[in-house]
Amino acid sequence: MSFDNAYESLIDHEDAHWAFGTGFTEALAGVDRDVPDVDRADLAAYCLMLGDDALVLSHRLAEWCSRAPELEEDVALANIALDLLGQARLLLTRAGEVEGEGRDEDALAFLRDERDFRNVHLAEIECGPFAGGDFATTVARLLVFSSWKIAQYSRLRGSADPVLAAVAAKGLKELAYHRDHAAQWVVRLGDGTDESHERMRAGIERVWPFLDELYAPHPVETRLAGVAVDPAELRSEVDGVLDAVLSAAGLTRPADVPAARVNGRAGRDGVHTESFGYLLAEMQHLHRSLPGAKW
Amino acid sequence: MVTATRTRTALEVAAQVRDPELPVLTLADLGVLRDVTEEDGRVSVTITPTYSGCPALDEMGADLRRSLLAAGFSAVDVRLSLAPAWTTDWISEDGLRKLREAGIAPPSRLGPRSTGPVPLNLTPPSQRVPCPRCGSFRTSELSRFGSTACKALRRCADCAEPFEHVKEI
């Protein structure tokens, strides 16, 4: 059976449409899912860290939907958010299956509380469109995040975990587009008018304290040699990229003053910033109010 | 002999299913149909997503299943593969032509790529993408991200029409 147009195929159909987690597709059906010979709890925790990074930034970018400075940008940020959401689905599904307690991607995304999330602070901080930032701050965050993820995923392609290696190889191509998009905006605004330069400078200053956490190895990452990437290895590559962009934008690299930790703990340990609870409230509200809801 | 015919039929039916977002292309043209096997009327189809978050994936699976069941197969198992990752180089020559005819600029061929550092592009690509309507090379990119994850939006300076471009990945 074939159709003359895409809409015809939507009629008379037994499956739920256009919503993740409701159709027949299990996110990893058919993918090579051998579990490498490492501690399963550690591997599940690592998949959660990576999955939460992607999920939380995806949500932050989606907040720009209908609020971006121009329609094309609205579409661009939503597309980037969608790529990250796709990566998050695969990573959370992997986390759930390695954990082995029956939690699927939805249970992990919507039914965990703040202290159980493992994303870095850079993904969660308010960078706009609401208080805490503006468009320049948002592209500053996206530049740093995607530069760091590219360095991480490049190495993760060689992971002993076949799912992580496959997600990284695929995600890398998407992240290259995200980084170019952010970098081009940083240059355009930094090298623009006095006003745009000042706002771009302020945006870079706002996100800079959150860089330090990106390179701090968590004990889980250290124990998973061969599967996980050591974040300390990524600093010089990411620095090189950020310096090239800042220089082209006529901006100065801010001093490294790391954001405070709580007893040495940060996002990877489940300690989050104040705005994160509000983000989760919005993201999880529908699923918790109407458990099992489908479109 | 009969089995071989049934397997070929399954492959032909699966190959004719159209992409929900680019309906001028079949899943085979797009290069997302990776494998079709058949045994005793039960078909297993493997597809791969274009982008990680491609929302059309569930739809493709549902369409494959429906088409194969309608063709008389008793069960359809849709599987996903992630590696190797999809690339626009897998769009067939026929697919490139169909895109052009539908007013969508097809991607250029990327060829083999290195596994080295990902190059940083600080200026929008100066790549020459001909206008699918008038053939002019005087076109510019309006936005890297278009109506779907896989398309950019461009405009032609000669015929003044905007058009979509399936961007290389």
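**Two chains, question by question**

Analyst: Chain B has four helices and seven strands, where helices (H or I, at least four residues) and strands (E, at least two) are DSSP runs numbered from the N terminus. This is a predicted model, so local features need pLDDT of at least 70 and side-chain atom pairs count only at pLDDT 80 or more, while totals for chains, interfaces and linings use all residues. Residues are numbered from 1 along each chain as its sequence is written, with chains lettered from A and ligands numbered from 1 in the order in which they are written.

User: What radius of gyration does chain A have?

Analyst: The C-alpha atoms of chain A fill a box of roughly 55 × 50 × 35 Å along the principal axes. The radius of gyration is taken over C-alpha atoms, and the globule rule is 2.2 Å times the number of residues to the power 0.38. For 295 residues a compact globule would come out near 19 Å, and chain A agrees, with 19 Å.

User: What share of the residues in chain B is buried?

Analyst: A residue is buried if 20 or more other C-beta atoms lie within 10 Å of its own, exposed if 12 or fewer, and partly exposed in between, with C-beta atoms placed from the backbone. In chain A, buried residues make up 49% of the 295 residues. For the 169 residues of chain B, the share is 43%.

User: Which element gives the most to the side of chain B that touches chain A?

Analyst: Contact here means C-beta atoms, placed from the backbone, within 7 Å. By that rule, 40 residues of chain B are in contact with 48 residues of chain A. The elements of chain B giving two or more residues to that side are α3 (57–70), β3 (75–80) and β5 (139–143). The top contributor, with eight residues, is α3(B).

User: Why do the buried residues of α4(B) line one face of the helix?

Analyst: The buried residues in α4 (93–101) of chain B are Gly95(B), Leu96(B) and Leu99(B). Going by the directions from the helix axis to the C-beta atoms, they fall within an arc of 100°, so they line one face. An α-helix has 3.6 residues a turn, so residues three or four places apart point the same way. The arc that puts them on one face is 100°.

User: What do the buried residues of α4(B) pack against?

Analyst: The face turned away from the buried side of α4(B) carries the exposed Glu93(B), Asp94(B) and Glu101(B). The buried residues pack against α2 (27–30), β4 (104–105) and β7 (162–166) of chain B.

User: How many bridges join β6 to β7(B)?

Analyst: β6 of chain B covers residues 151–156 and runs antiparallel to β7(B). Lys151(B) stands opposite Val166(B) in β7(B). The number of bridges is five.

Methods:
Two residues are in contact if their C-beta atoms, placed from the backbone, lie within 7 Å. Two strands pair if DSSP finds at least two bridges between them.
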